[in-house]
Amino acid sequence: MSEETGAGERFAIGISFGNSSSSIAFTGPDGKAEVIANEEGDRQIPTILSYVESEEFHGTQAKAQLIRNSKNTVAYFRDYLGKDFKSIDPTPAHQSAHPQQSDSTVAFTIQDTDAETPSTVTVSEITTRHLRRLKQSATDFLGKTVNAAVITVPTNFSDAQREALVAAAKNADIEVLQLIHEPVAALLAYDARPDAVVEDKLVVVADFGGIRSDVAVVASRGGMYSVLATVHDYELGGANLDQVVIDHFAKEFIKKHKVDPREDARGLAKLKLEGEATKKALSIGTNATLSIESLVNGIDYGSTINRTRYELLSGKIFSQFTGLIESAVKKADLDVLDIDEVILAGGTSHTPKIARLLESIFPEKTKVLAPSTTPSAINPSELSARGAAYQASLIQEFDTEDIEQSIHPMVTVTPHLSKTIGVQLVSADESGEFVPLVNAETALPARRVAQYTVPKEGGDVLIRITEGEREIKVTKPEPKPKAEKTEEDEEDSDFDSDEDEEEEIREVIWKSTKPIAEAAVKGVKAGGKVEVTININSDLGLQITAREVGGKGGVRLAVEAPAASANGSA
Amino acid sequence: PALPAGWSAEKDFKVLSSLSSAVQRNIEPVGPHFLAHARRQRHNRTFSEDERI
């Protein structure tokens, strides 16, 4: 930990800063990231600040103030940071202090001091206060002053927003070592686990938050990540599901008492708070209750809802979540068959039904990492904070200059393979099966090694290195039930057989498109294996080594870089 | 897979063509593998040079 540099020692944590909630995490000496609970015991700390008689409330305590003291409570401000007033959507802040224009930035008018007139506080200042509280909670927990952090941001956060966040953090005496992208942080949280194996895979990271949802398709190649496509939905999140619960109970209440609690501001605020808690309970149990004292007109209200009912009512919204994921896969020019992993992040990802719907959309080999589908899944709410904490532990001892140089576009903009490179073991009679070795979207330079079993009898083997493309083969089952069906068939059975018929079998087929080089390995022992090593340089030149495992020598060859794009202009 | 009869090449290999052009993309600057990559880039080292250090 100790550095010889005279400058003050850094002590860094990971912060996930969300519109609805924030988390702080720390990586211990054992290399395991832990999410830190604040003094109230919350690990998901609501991103809310509230002022009552000049006293500042934060997190859950501030959230409770949304009922009585909504005017002096600031919530959902993350996305306002670094933005022009005209470009923001003030809808999420309807139930709290309203955002307003203040010069070129967004501000809130709140009574945060003893002064008679309320003060105008900019969103940067609010962010600073929020980060200061997070920092304090981490410092209290760890017993050491936190002075640096890695903070997660959405992939489409603009430069102005990034700068504003770094500046706000600086005012809270936090040195931002790096801003990292939320989906990548989630991926890193999984890959940082000691038992994780680095492999090439295509991952969809779905971050379902409170008031927005973001999906990213990421190519993970040799532990390096490249984002292939992102989609964002600013009107989809857990709040939509809260609304389902709120509407359900409100209708029940109207039936009984003939008043709509949603029309009363305080009644609505109470329903929102309790409705969210009920929704969360439905992610854990199959039944949940809601009880509110004096909901409206002094009437107490209590009722229950079961999960089946809730899932039925939320069906449409669930399909919006899954639709968002499908659109991201499409945007990356991929098919669901190409996806190896789906990581569900964000609080809404606790919903069991969403994970189950995704399992039915993706093929069986695709892992859906959510608590309800994978027992070893990490808590979706903690993913980005953990990823940030891990990254913080990796870079906290670097010089600031080192970090800046490393994350500079000179380093991060890199040529990626456009086609998959694979190996065909060719025999005299058949063309040979294509086995991918270096996947498309691999950042260069790259190196891969693989072993291939040769035919039992051994002998001379021809290895062909070739570019390949995956195709999706669709097999339609024979339409035999059609003929048998008569018009008198009952509707039910008719429907069922229709479904079966349309179930096509789709599978991935690899096709070799462009042979690059051939090499012969002679006199391989019976039952032996051949090892192929490929080295690809940034200029697309490559070196290939093929040798028998345990054997001597082998064949070495070099393929020169293509002349046309030698400077990586493509 | 056996060597087809009549296949021959100097030193047992032949080059048929070169790779298709690459796509420029941004790698996400996170994780230990990226940091290793950044180190190699900045010092202009290759994989094997990096391993020796």
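Student: In which loop of chain A does A:N297 lie?
Tutor: A:N297 sits in the loop between strand 16 (287-296) and strand 17 (299-306) of chain A. A strand here is a DSSP run of E with at least two residues, a helix is a run of H or I with at least four, and both are numbered from the N terminus. Before we go on, this is a predicted model, where local features need pLDDT of at least 70, side-chain atom pairs count only at pLDDT 80 or more, and totals for chains, interfaces and linings use all residues. Residues are numbered from 1 along each chain as its sequence is written, chains are lettered from A and ligands numbered from 1 in the order in which they are written, and side-chain values use heavy atoms, with hydrogens and water left out.

Student: Why is A:N297 called exposed?
Tutor: Its relative accessible area is 59%. Buried means under 20%, exposed over 50%, and partly exposed in between (1.4 Å probe, protein chains only). So A:N297 counts as exposed.

Student: And what makes A:Y76 partly exposed?
Tutor: A:Y76 has 24% relative accessibility, so it falls in the middle class. You'll find A:Y76 in the loop between strand 7 and strand 8 (99-102) of chain A.

Student: What is the phi of A:Y76?
Tutor: The phi of A:Y76 is positive, about 55°, although A:Y76 is not a glycine. A:N297 also isn't glycine, and its phi is positive too, near 50°.

Student: Which residues of helix 1 of chain A are buried?
Tutor: In helix 1 (residues 60-68), they are A:A62, A:K63, A:Q65, A:L66 and A:I67. The buried residues of that helix pack against several elements of chain A, including strand 5 (48-52) and helix 6 (265-284). Contact means heavy atoms within 4.5 Å.

Student: What makes strands 23 and 28 of chain A edge strands?
Tutor: Four strands form an open, antiparallel sheet in the order 23-26-27-28. Strand 23 (446-453) and strand 28 (555-559) each have a single partner strand, so one side of each is left without a neighbour in the sheet.

Student: How do you know that strand 27 and strand 28 of chain A pair?
Tutor: Pairing needs at least two bridges found by DSSP between the strands. Strand 27 (residues 542-548) and strand 28 of chain A have five bridges, in the antiparallel sense, so they pair. For instance, the bridge partner of A:T545 in strand 28 is A:R556.

Student: What joins A:L444 and A:P445?
Tutor: A cis peptide bond, with omega about 0°. A:P445 is found in the loop between strand 22 (434-438) and strand 23 of chain A.

Student: How many contacts does the model have for residues 488-499 of chain A beyond four places in sequence?
Tutor: Three, and pLDDT stays under 50 there. pLDDT is the predictor's confidence in each residue, from 0 to 100. Where it is low, the predicted coordinates should not be read in detail. For chain A, the mean pLDDT is 88, and 91% of the residues reach 70 or more.

Student: What about chain B, which pattern does it follow?
Tutor: Read along the sequence, chain B goes β-β-α-α, with two helices and two strands. Of its 53 residues, 34% count as buried.
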